[in-house]
Amino acid sequence: MTEISALHTRLSASATSLGTAHRLIDRLLGESAYWQGEAADAFREAIDGDLPRYLKNAHRSVSKAAKQLRAWHEDLVSYQALARKYDAQAKEHQAAVATAESTHATARTDPDLAAPDASAAETAAGTLDAAAASVTKARAALESVRKLARELEETHRSEASRIAKALNEATDRLAPREPGLLSKATEWLDENLGDVLSAIAATAGLLALLATGPVSVPILLFVAAGASLGAFALHAQDPKIQESLSEAITDRKFDADFWDSTVTLASDLLGFVPGIAAVTHGARGATTAAQAASAIADTSVLGVARAGIHGFSSTSATVMREMKEVQNPLTEWALRSANPAARTAVDYGLPSAGVVTSLGDLTPLSNDEEYEATTTAVDGTRTAVDDLPNNAAKVVHAWTSLNP
């Protein structure tokens, strides 16, 4: 029963993750409408098609399975309680049968049954009849409990078959029909989730750069920051990355794996640092708004809370929008004499390169050493030239506005 509860917990968590992934893909596809050109078409082709449908169907399938397992777990708890009750009653009735049979056996050997005294013989016969009746009653009670136990066993077997059928039907017309495809997809997602989040962060960051909406920009930037944080947490726990960094420290082994790991972690780290700055600023805004609301005499606790939430969301969104406008000081200096077309090419080209390399890490190309060396060089250069100075300037701007 503990295993069923644990499996239900894992399936529920998987269903939640699949639902989140489906909603995020839908949002990215919607926001990509701002992006035009061959790169945009390639991006939409990469994540459109069967993937959103498979994610949606897999979410429904796993959710149904989790619901059935929860019901089965609840039934098992009830069945076990009844089984323990019937077992205790059976032991009591078994003991009663043994006592009644012993009393009956003793009554049968009573010498008064054959006594010439009619009164004594009649009394002994009455005792024997009563003992026989007790035996019959005790055996009937024991059989009744055993019947209930057999009925419970049959109910358990019937419900187990029903749950098994329901679990099979949970995937009917929902999960991909190819044998084992859902399992393979889940396994692949589990193994590559860090790279998937990196790709989402890079794509959301580029879409935020292209977007102009007052709401879509901070949402995309927060998605990019959150995905970067998740990618950093997963990559930091990757045994391969940990091993390469450990070998660099202990054996001074600065090979391709080390540089690839370093660039990966650095990109993820720089991706979520602006998000931390926005959240910090939002916390200050929430505190200020809550204090202002609490100063009003008639404001309820709920009103203060609402004011704090509004202060957090509006302030952090404003900071995100402001940070988007901060220019990369390094490229600004390097292109100070360049024409606007060259500036635009660099501004959009560097983030686009990050999207291309992050999506490439999700393909079989990632197993090619030459490809890995090339993408590491591209990402390393992009991190040094764009991510590091750009995000540093954003954080400095946020910190300056936070502490004027």
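1. A crossing of two helices is called right-handed if the near helix is turned clockwise from the far one, by less than a right angle. In this predicted model, α8 passes α9 in such a right-handed crossing.

2. The two helices of that pair are α8, residues 256-294, and α9, residues 301-325. They pack at an angle of about 145°, and their axes lie 6 Å apart. Sorted by class, the contact of α8 with α9 has 14 nonpolar residues, nine polar residues and no charged ones.

3. The largest nonpolar core has 22 residues. Within this core, I200, L220, M320 and M323 touch the most other members. Two or more residues come from each of α5 (181-210), α6 (216-236), α8 and α9. The biggest share is that of α6, which gives eight residues.

4. Leaving aside residues up to four places away in sequence, M320 touches P218, L221, F222, A225, P274, G275 and A278.

5. A further core lies apart from the largest one and has 11 residues. Among them are Y79, V135, A138 and V145.

6. T357 has a relative accessible area of 7%, so T357 is buried.

7. The surroundings of T357 can also be listed. Apart from residues up to four places away in sequence, T357 touches Y371, T375, V378 and D379. With D379 there is also a polar contact of 2.8 Å, which joins the side chains of T357 and D379.

Conventions
Residues numbered from 1 in each chain as written. Predicted model: local features only at pLDDT ≥ 70, side-chain atom pairs only at ≥ 80, totals over all residues. Heavy atoms only, no water. Axes fitted to C-alpha atoms, helices over the stretch in contact; angles between N-to-C directions. Helix = DSSP H or I, 4+ residues; strand = E, 2+ residues; numbered from the N terminus. Nonpolar A, V, L, I, M, F, W, Y, C, P; charged D, E, K, R; others polar. Buried < 20%, exposed > 50% of the residue type's maximum accessible area, 1.4 Å probe, protein only. Polar contact = N/O pair within 3.5 Å; in protein donor to acceptor, adjacent residues only side chain to side chain. Contact = heavy atoms within 4.5 Å. Core = buried A, V, L, I, M, F, W, Y, C linked by side-chain atoms within 4.5 Å.
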